[in-house]
Amino acid sequence: MSKLLKAGIIGCGGIANQKHMPAIQKTGMVEMVSFCDIKPERATEAAEKYGISNATTSTDYKALVNDPAIDIIYVLTPNKSHSVITIAALEAGKHVMCEKPMAKTSAEARAMVAAAKKADKVLTIGYQNRFKPEAAYIKKCANRGDLGDIYFAKAHALRRRAVPTWGVFLDEEEQGGGPLIDIGTHALDLALWFMNKYKPKSVMGSVFHKLNENGDCGNVFGPWNPKEFTVEDAAFGYITMEDGSTIILESSWALNTLQYGEAKATICGTKGGADMWDGVRINGDDFGKLYEKKPALGADGVDFFMGGGNSAEVEEQLSFLNAIIKGEPLTVLPEEACIVTEILEAIYESAKTGKLVTF
């Protein structure tokens, strides 16, 4: 590639520093030329660490969106502003990667899809767990037909005590919810992707505020202020697709359980099943006998070589960048991410009304 893409980073907080900016840097395909954050010191720190020598900083996202020198925009802000910034960037002719979840509401998500189509620009959402070896292996098995028709799945996003106590995670106005919209979104995305079914028919949901009154209960991130904890601590959904396939979604930041793990899915098909609880486990029957197999996804067994390849975060960036540069198919389509948001919204709505939500 003769010319590096020029990127603007909007939101220089945790997800930008922990995931996106290091991964962008590792691709060698992008120059980060401008940084924006409502806290100017964070934009300055990001520019000094990841930017080009004359990188600019701002507290106004419009400065980046309207900069003709910028090719791509990363929207790494709280959920509330995902839609407005993404749409503004697309309308300004930029390609966009927006962090998950796509938006707070389904209406906002649909508007983002429409804006990308109208602008004829690449839009993708940050579901990096699709790029993990475990997920990629299961997807290949499903695509090849090894599991048959996948008609039941569980989407797992369970934490025993891991409530994020920084930023705006506990603020319902900024985020739209708690563990359901934060980590449940990853698990649901995986289940839908494995099944390749994106036509929901109905949703029932339950949302709980049971453990958030006790701010000092062994939380891995330290105690929280119960008065600031305005989102749920656990949420569950029962999702039925148009063809009758069913997904059970379970999510929590705080739950009295000994089986916990996030960004996992269990899927069951007519020919076999798969789960992600211990690496990857494939199960089924053969010659009248039940079997279980565990593929070796690494390169263990050689002292000095444990396998190469990129991390999921880098692979996520490469999918986005190669879609822009080479026209390659995106791994995470905005239309699929929109369905995830629609289902999450329906779970919250069902929990609020106590009624079945139909599509």
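Me: How do helix α4 and helix α5 pack, at what angle and how far apart are their axes?

Reply: In this predicted model, helix α4, made of residues 82–91, packs with helix α5, made of residues 106–119, at an angle of about 10°, and their axes are 9 Å apart.

Me: Are α4 and α5 roughly parallel or roughly antiparallel, then?

Reply: With that angle, α4 is roughly parallel to α5, because angles under 35 degrees count as roughly parallel.

Me: Which residues in α4 and α5 meet?

Reply: From α4 the residues are H82, S83, T86, I87 and L90, and they meet E108, A111, M112, A115, A116 and A119 in α5.

Me: Where is A103 placed, and is A103 buried or exposed?

Reply: A103 has its place in the loop between β5, which is residues 95–99, and α5. With a relative accessibility of 1%, A103 counts as buried, because buried means under 20% relative accessible area.

Me: What is A103 in contact with, leaving aside its neighbours within four places in sequence?

Reply: Once those neighbours are left aside, A103 is in contact with H82, S83, E108, A109, M112, I181 and T341.

Me: Changing topic to backbone angles, what is the phi of N196?

Reply: N196 has a positive phi of about 55°, although N196 is not a glycine. This residue lies in the loop between α8, residues 179–195, and β8, and N196 is exposed, with a relative accessible area of 54%.

Me: What about the phi of A263?

Reply: The phi of A263 is near 55°, which is again a positive value in a residue other than glycine. A263 is found in strand β11, made of residues 261–269, and at 12% relative accessibility A263 counts as buried.

Me: Now salt bridges: how many does the structure hold?

Reply: The structure holds 17 salt bridges. In general, side chains of opposite charge can pair when their charged atoms come close. One of the pairs is R42 and D37, whose side chains meet at 3.0 Å, N to O. In that pair R42 is partly exposed, with a relative accessible area of 30%, whereas D37 counts as buried at 5% relative accessibility.

Me: What distance do you get for R159 and E262, and where are they?

Reply: The side chains of R159 and E262 meet in a salt bridge at 2.7 Å, N to O. That pair links distant parts of the chain, with R159 in the loop between β7 (150–158) and α7 (172–175) and E262 in strand β11, 103 residues apart. At 14% relative accessibility R159 counts as buried, and at 34% E262 counts as partly exposed.

Me: And which parts of the chain does the K197 and D243 pair link?

Reply: The side chains of K197 and D243 meet in a salt bridge at 2.8 Å, N to O. This pair also links distant parts of the chain, K197 being in the loop between α8 and β8 and D243 in the loop between β9 and β10, 46 residues apart. K197 counts as buried, at 12% relative accessibility.

Me: Last one: which residues make the nonpolar surface patch?

Reply: The patch is made by W166, V220 and F221, and its area is about 300 Å². Among them, F221 has its place in the loop between β8 (200–208) and β9 (234–241), and F221 is partly exposed, with a relative accessible area of 38%.

Key: Residues are numbered from 1 along each chain as its sequence is written. This is a predicted model: local features need pLDDT of at least 70, side-chain atom pairs count only at pLDDT 80 or more; totals for chains, interfaces and linings use all residues. Side-chain values use heavy atoms; hydrogens and water are left out. Patches are made of residues with over 30% relative accessible area and no salt bridge: like charges are joined within 9 Å, nonpolar side chains (Val, Leu, Ile, Met, Phe, Trp, Tyr) within 5 Å. Accessible areas come from the Shrake-Rupley method with a 1.4 Å probe; for residues, only the protein chains shown count as cover. A salt bridge is a side-chain nitrogen of Lys or Arg within 4 Å of a carboxyl oxygen of Asp or Glu. Helices (H or I, at least four residues) and strands (E, at least two) are DSSP runs, numbered from the N terminus. Buried means under 20% relative accessible area, exposed over 50%, partly exposed in between (1.4 Å probe, protein chains only). Axes are lines fitted to C-alpha atoms, for helices over the stretch in contact, and angles run from 0 to 180 degrees between N-to-C directions. Angles under 35 degrees count as roughly parallel, over 145 as roughly antiparallel, 65 to 115 as roughly perpendicular and the rest as oblique. Contact means heavy atoms within 4.5 Å.
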